[in-house]
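Visitor: I'd like to go through this model and hear what stands behind each label. Can you show it to me?

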Amino acid sequence: MLLEIKNIKVHYNKVAALKGVSMAVPDKGIVTIVGANGAGKSTTLRAISGLVRISDGEIIFDGQRIDRLAPEKIVALGIAHVPEGRRVFPDLTVEENLRTGAFLRSDKDGIEADLRDVFKRFPRMEERRGQWARSLSGGEQQMLAIGRALMSRPRMLILDEPSMGLSPVMVQEMARAIRDIVDRGVPVVLVEQNAELALKLANFAYVLETGTIALEGPARELHDNDHVRKAYLGA
């Protein structure tokens, strides 16, 4: 497994947000985390990328324990995190935003090649490369945030609610982009409010409820699970 999460716990002050969560992510495909608001999905992602500290357990990436590392060290190891809400730099241009994703890299030729690849993957970004990021639509900002993450040349991509606030057309475009990223060999850990979409995209799924894993298994099987259908798919 590329990523192993072993019985991690996270507390905010004295409140337990994660109560002993264990997960595994292989080196290919999509793993999704499904759950209600407040279940601990985003906290799990933030723990992986070092944005919150775990109070117990271990997080191991490619054989190396990372839960004690600073976020920039985790990025340098190959984990790129696109947080909920996109969080692009509004007063930088599209191209400047993208180049910030490569701030830990020094291979100039590789950076230029990856920039061309992002523009090929997201043609709208090339059309708007000189525009301020704040002038983009929500869907375009999400493309920019993912493109910026790809500029770090990640070995694993973490996506937190990529379809939030997007039109149905943009949601489908985002889904195609995620599939393309995985097809090119970058595994994805996906948290997505649209559980139907997440379970259709993913290979494996975890259901997180109040800080614990309630169910896990192949995404197609969980899609047909009665509890999941009633709780998360509106069936």
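Visitor: Why is Glu-161 called buried?

Guide: Its relative accessible area is 6%. Buried means under 20%, exposed means over 50%, and partly exposed is what falls in between, with a 1.4 Å probe and protein chains only. So Glu-161, at 6%, counts as buried. By the way, this is a predicted model, where local features need pLDDT of at least 70 and side-chain atom pairs count only at pLDDT 80 or more, while totals for chains, interfaces and linings use all residues. Numbering runs from 1 along each chain as its sequence is written, and side-chain values use heavy atoms, leaving out hydrogens and water.

Visitor: What is the phi of Glu-161, and where does the residue sit?

Guide: Phi is near 55°, a positive value in a residue other than glycine. Most residues other than glycine have a negative phi. Glu-161 is in the loop between β7 and α7 (168-183); strands (E, at least two residues) and helices (H or I, at least four) are DSSP runs, numbered from the N terminus.

Visitor: And Arg-153, what makes it partly exposed?

Guide: Its relative accessible area is 45%, so Arg-153 lands between the 20% and 50% cut-offs. Arg-153 also has a positive phi, about 55°, although it is not a glycine, and its place is in the loop between α6 and β7.

Visitor: How do you know that β7 and β8 pair?

Guide: Two strands pair if DSSP finds at least two bridges between them. Here 4 bridges join β7 (156-160) to β8 (188-191), so they pass, and they run parallel. Asp-160 stands opposite Val-191 in β8. Both strands belong to an open sheet of 6 strands, ordered β6-β7-β8-β3-β9-β10, with mixed pairing.

Visitor: What makes β6 and β10 edge strands?

Guide: Each of them pairs on one side only. From one strand to the next, the twist averages 15°.

Visitor: Which strands of that sheet does α1 touch?

Guide: Helix α1 (41-48) touches β3, β6, β7, β8 and β9, contact meaning heavy atoms within 4.5 Å. Its direction makes about 150° with that of β7; axes are lines fitted to C-alpha atoms, for helices over the stretch in contact, and angles run from 0 to 180 degrees between N-to-C directions. Helix α6 packs on the sheet too, touching β6 and β7.

Visitor: What lines the largest pocket?

Guide: There are 21 lining residues, and the closest to the centre are Val-75, His-81, Pro-83, Phe-103 and Arg-148. The volume is about 540 Å³. On a 1 Å grid over the protein atoms alone, a pocket is an open set of points with protein on both sides within 12 Å along at least five of seven lines, and lining residues have an atom within 4 Å of a point. Points are joined across faces, edges and corners, and the volume is the space filled by probe spheres set on them. Strand β6 gives the most to this lining, with 4 residues.

Note on methods: On a 1 Å grid over the protein atoms alone, a cavity is a set of points where a 1.4 Å probe fits but cannot get out, and a pocket is an open set with protein on both sides within 12 Å along at least five of seven lines; lining residues have an atom within 4 Å of a point.
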